[in-house]
Amino acid sequence: MRRITFFLFTFYLSLCSSFAEVRLPRFFSDNMVLQQQTECNLWGTADKGKTVKVTTSWDQKTYQVKADKDGKFEVKVQTPEAGGPYEITFNDGKPFLLKNILIGEVWICAGQSNMEMQMKGFKQQPVEGTTEELLRCKDTNLRLFTVKRHVSLTPRYDVTGQWNEANSASVRDFSATAYYFGRALRSTLDVPVGLIVTAWGGSACEAWMKADWLRAFPKVKQTITVGDVSKLQQRCPTALYNGQLYPLIGYTMKGAIWYQGEDNVPRYDYYAPLLKTMVEGWRSDWKQGDFPFYYCQIAPYDYSLIDWKDSQYLREQQAKAETMISNARMAVLMDAGLEYGIHPRKKRQAGERLAILALANTYDVKGLPDFATYKEVTFQNDTAVVAFDRSKEWVYFEHGTTSNNFEIAGSDKVFHPATKVWVSRNRVYVVCDEVKQPIAVRYAFKDWVDGDLMHDGLPVSSFRTDNW
């Protein structure tokens with residue numbers, strides 16, 4: 001059963017006799033998608049002590065559950081292989097019917113503005129390729145749900161939003177990153193896909209976490225008040241966990257995708273353990289084991305335009321988190337940034353690269369490319385030799401046989417632009433005329449850069465070999 005009692009909600013129910021019928025959270029509604037071949041959680045409210053019968057049309061099975069003293073009930077229904085449309089009937093004496101339900105793959109899509117950014121873009125900030133995509137996006141087997149923004153000091157029972165079939169109108173107002181992710185899954189798996197987006201531009205990672213989890217991070221404000229929530233909104237610790245995530249917890253799904261980090265640039269130093277704690281907390285609450293978690297590394301951008309700097313350290317923390325979190329992988333966007341805009345236009349790359357990770361690692365689709373990662377550096381006289389993991393197809397430069405994105409330093413710890421850079425198989429060789437005995441190399445280690453080190457069509461993350 002849902003563990004936190006929402007006193008105001010149940011008190012309101014007790015005052016309203018018209019609420020005596022079955023009531024469900026808004027994400028249990030017509031057009032929804034349920035996760036295939038599993039036991040799916042359904043919950044809602046009815047009169048306390050009343051027996052609710054739940055009948056699923058795909059197998060004509062009826063489940064019975066009794067509402068508790070607060071009027072709440074929860075039931076698990078067995079779902080078949082992907083298909084539909086189906087119906088579910090809830091009956092406590094007055095039938096309540098959900099129609100046009102599909103069974104398929106369900107993903108939670110969360111984060112800040114680059115996850116929230118709709119296909120239509122923001123004002124004067126377009127998404128690349130939107131016009132062409134809106135002409136061909138109609139797909140009755142791709143279902144979209146966007147959680148409306150809401151912050152809260154305490155956990156909420158429900159959200160505002162509705163399920164829609166993918167068409168030009170619904171896709172236009174839906175997350176571009178999530179849409180491209182879902183479209184790729186639909187194309188490859190050929191099953192219905194349901195996407196639930198819960199995101200808010202400018203939101204902090206801390207806002208998506210429960211208060212108990214944040215105790216391990218003394219730099220985070222620990223005592224949160226109504227005033228804090230009102231003032232800080234999406235940057236207030238716990239406010240989005242309570243307002244936009246908690247109501248969804250328990251919705252049976254396959255996994256989660258995440259695009260967030262820009263707001264944490266000024267607090268980059270503890271982002272990796274913070275993200276690890278958040279993911280482990282979500283998994284503990286959801287009770288679905290170590291479900292897949294795929295996330296975007298923030299794209300390059302000139303953060304001096306907003307009086308910030310050193311986003312490369314946040315990217316480094318995101319890369320580190322990949323080694324710390326089980327069943328998690330990072331999509332690299334080094335070639336998909338925008339120098340003058342924190343909202344890159346290349347959302348197709350973000351969504352499809354997340355889909356590559358999901359298809360290869362969760363659905364075991366063969367033949368897909370992988371992101372190479374920095375492994376180690378060795379030094380041969382004046383030459384630094386950089387090696388990579390996951391690089392069986394060998395690394396290369398996108399715009400020719402060399403790159404301007406490497407720097408090298410000697411014992412004085414002063415970095416100089418490399419004067420000669422070349423590739424051989426899965427090694428990059430770096431030389432600088434000013435550094436005769438190098439001890440450290442950096443690649444694309446700055447706020448804005450047009451990443452050009454690639455492997456199998458995918459970019460390699462910025463990295464450094466030092467820890468200065």
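1. Pro85 is found in strand β6, which covers residues 83–91, strands being DSSP runs of E with at least two residues and helices DSSP runs of H or I with at least four, both numbered from the N terminus. The peptide bond that joins Gly84 to Pro85 is cis, with omega at about 10°. Most peptide bonds are trans, and most residues other than glycine have a negative phi.

2. The model is a predicted one, in which local features need pLDDT of at least 70 and side-chain atom pairs count only at pLDDT 80 or more, while totals for chains, interfaces and linings use all residues. Residues are numbered from 1 along each chain as its sequence is written, and side-chain values use heavy atoms, with hydrogens and water left out.

3. Taken as a whole, the protein has 10 helices and 24 strands. Its radius of gyration is 24 Å, close to the 23 Å that the globule rule gives for 468 residues, so the protein is as compact as a globular protein of that length; the radius is taken over C-alpha atoms, and the rule is 2.2 Å times the number of residues to the power 0.38.

4. Strand β17, residues 406–409, deserves a separate look. Phe406 and Ile408 point one way from β17, Glu407 and Ala409 point the other way, and all are buried. In a regular strand the side chains alternate between the two faces of the sheet.

5. The neighbours of β17 come next, where two strands pair if DSSP finds at least two bridges between them. Strand β21 (residues 440–443) runs antiparallel to β17 and is joined to it by 4 bridges, with Tyr443 as the bridge partner of Phe406. Strand β18 (residues 415–417) is also antiparallel to β17, joined by 3 bridges, and here His416 is the bridge partner of Ile408. Between β17 and β18, which form a hairpin, there are 5 residues, and Lys413 in the turn has a positive phi of about 65°.

6. Positive phi values also occur in two loops. Thr238, not a glycine, has a phi of about 75° and sits in the loop between α6 (226–232) and α7 (239–245); its relative accessibility is 5%, so Thr238 counts as buried. Asp456 has a positive phi near 55° and lies in the loop between β22 (453–455) and β23 (458–459); Asp456 counts as partly exposed because its relative accessibility is 36%.

Notes: Buried < 20%, exposed > 50% of the residue type's maximum accessible area, 1.4 Å probe, protein only.
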